[in-house]
Amino acid sequence: MEFYGYHRPDGRVGSRNYTAIIPSVGCVNNLCAHLERLIRGTKAIRHDQGCLHPPADTEQVTRTLINLGKNPNVGGALVVGLGCEMVEAEKIYESIKETGKPVDMVVVHEIGGMIDTLAKGAHALVNIVAEVSGVQREKAGLDKLVFGTKCGSSDTTSGLSSNLVTGEVCRLMTQNGGKFIQGEICDIMGGEYALKKLSVDQQQGEEIVDYVRDLYMRGYYVGADTRGCQMTAGNVAGGLTTLVEKALGANAKGGKVAIQGTLDYAEIPPDKPGRYIMNFPGHGFENLTGSAAGGAVVHLFTTGRGAPNGNPIMPTVKVCGNSKTNKTMLEHIDVDVASVIEETESIETAGERLYEFAVAVANGKLTKCEILNFEGMEILIKGPVM
C-alpha cells in the first residue's frame, strides 16, 4: 500500500485539501455559511461556542479551533471574528499562520456589518483557494497517517466484529509508524483499568482512570449518575447489557496495542507513533471534532445500528458488523465486516481489508458521509454557559 497525500509546510500530510472558514464564535456562523456557498473548495466549520465560558472552556475552544486549522486536511484558512467574543480571532489566526499555511482574517465589528465583511472575506478566500488548489498529491510514508476512532449506535455486533477489526487496523497502522487516537471516556467507563495496564507510562495510565473519575464527578455535581446515563436506549435495544460489556467492546478498537500517552481534548499527539487516549466524549459531534483537531486525517467509526454523522474536514469511514444494518443503512455504511460473525473471514483478514480501505480514503476515495454531505460539528465544553 502507498499513501499519496497533501504535504504541508509543517511536515504533516493530509488526505484532503480544504480551505477552512473558521468562526471564532457561533455568532458569525451565518456569514461563514454564505462564504462557503459562494467560494468553491471551502469548508465552514460552524460551531456554537466562543463566548461566555469559564476560562478553561475558552482555552479549550481556542485550542480546538487553532488545531482544526492546523489539521493537514486543511491547506489554508480564513478566520472570521465578530469582535467582542472571548475567543480571540487574532490568536487563532496567528497560531495557524505559524504552520506556514496561507491564512487571513476578517472581523465584523472592524469592517462594519455582514455585507462588507462578506465581500472582504470572499476576496481573501479567492486568493487562498487559488494557492491551496495548486497543491498536488505526492507520495508519503504510511507513518504520516493519523487515524481516529469511535463507536456509535453500538449493539452486540460491535464488540464482536467491527471494534475487533478496527483494533487490528490499530495494530497494523501503528506498526507502520502511524498514530491512532482513541478515547470516548463514557464508553471506556468500567474498562479504564484494562487500558491503564496497556499504558507504557503508568502515570499516563492513571490519567485514563482520572478522565473517567472526572466524568463521573461532573455528573455527580449536577445530580446525575453517569453510570446510569451511559447506556443509550439504542444500546439496550441492540442487546448490550452492562457498562463493562460495552467498555470492553469499546476498548477493543485499539486491540492490545500499547498506549503511548494521553491527550487533552483536541490536543495534537507528540511526534511519536502509536496509540493515544484522548479525553473526548462519546457523543459524535464533539468526539469527531476532538479527533480532527488532534490531527486525524481519517476516522474509523464503528456502528451496529447505523450512526450516520461525519465531520466537515475529516473523512469518516463507517464500519459495521450487523448484517441487517448493512442492508437497511447501506447508503451510510462503507465497510461490511459481518463476515467475522458469520465466520467466513478472520478478524485479521477483515482488519487488513479495512486498513486498505482506510488508506484508499486517505488517497482520495470518498466515504458515504462525504458523498451524502452528512456532517456536523460541535466543540466540547465542561462548564456552564454564562
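Mentor: Start with handedness. A crossing is right-handed if the near helix is turned clockwise from the far one by less than a right angle, and left-handed if anticlockwise. Keep in mind that this is a predicted model.

Trainee: OK. Which hand does the crossing of H6 and H15 have?

Mentor: Right-handed, as H6 passes H15.

Trainee: And what angle do H6 and H15 pack at?

Mentor: About 65 degrees, with the axes 8 Å apart. H6 covers residues 156–175, and H15 covers residues 347–362. H6 is therefore roughly perpendicular to H15.

Trainee: Which residues make the contact?

Mentor: On H6, Leu-164, Val-165, Thr-166, Glu-168, Val-169, Leu-172 and Met-173. H15 brings Ile-347, Glu-348, Ala-350, Gly-351, Glu-352, Leu-354 and Tyr-355.

Trainee: How many are charged in the contact of H6 with H15?

Mentor: 3 are charged, next to 9 nonpolar and 2 polar residues.

Trainee: Switching topic. How far apart are the axes of H1 and H5?

Mentor: 10 Å, at an angle of about 40 degrees. H1 runs over residues 29–38 and H5 over 114–132. The two helices are therefore oblique to each other.

Trainee: Which residues of H1 and H5 are in contact?

Mentor: Leu-31, His-34, Leu-35 and Leu-38 come from H1. From H5 there are Met-114, Thr-117, Leu-118, Gly-121, Ala-122 and Leu-125.

Trainee: What classes are they?

Mentor: The contact of H1 with H5 has 7 nonpolar and 3 polar residues, and no charged ones.

Trainee: And which hand is the crossing of H1 and H5?

Mentor: H1 passes H5 in a right-handed crossing.

Technical notes:
Residues numbered from 1 in each chain as written. Predicted model: local features only at pLDDT ≥ 70, side-chain atom pairs only at ≥ 80, totals over all residues. Heavy atoms only, no water. Axes fitted to C-alpha atoms, helices over the stretch in contact; angles between N-to-C directions. Helix = DSSP H or I, 4+ residues; strand = E, 2+ residues; numbered from the N terminus. Parallel < 35°, antiparallel > 145°, perpendicular 65-115°, else oblique. Contact = heavy atoms within 4.5 Å. Nonpolar A, V, L, I, M, F, W, Y, C, P; charged D, E, K, R; others polar.
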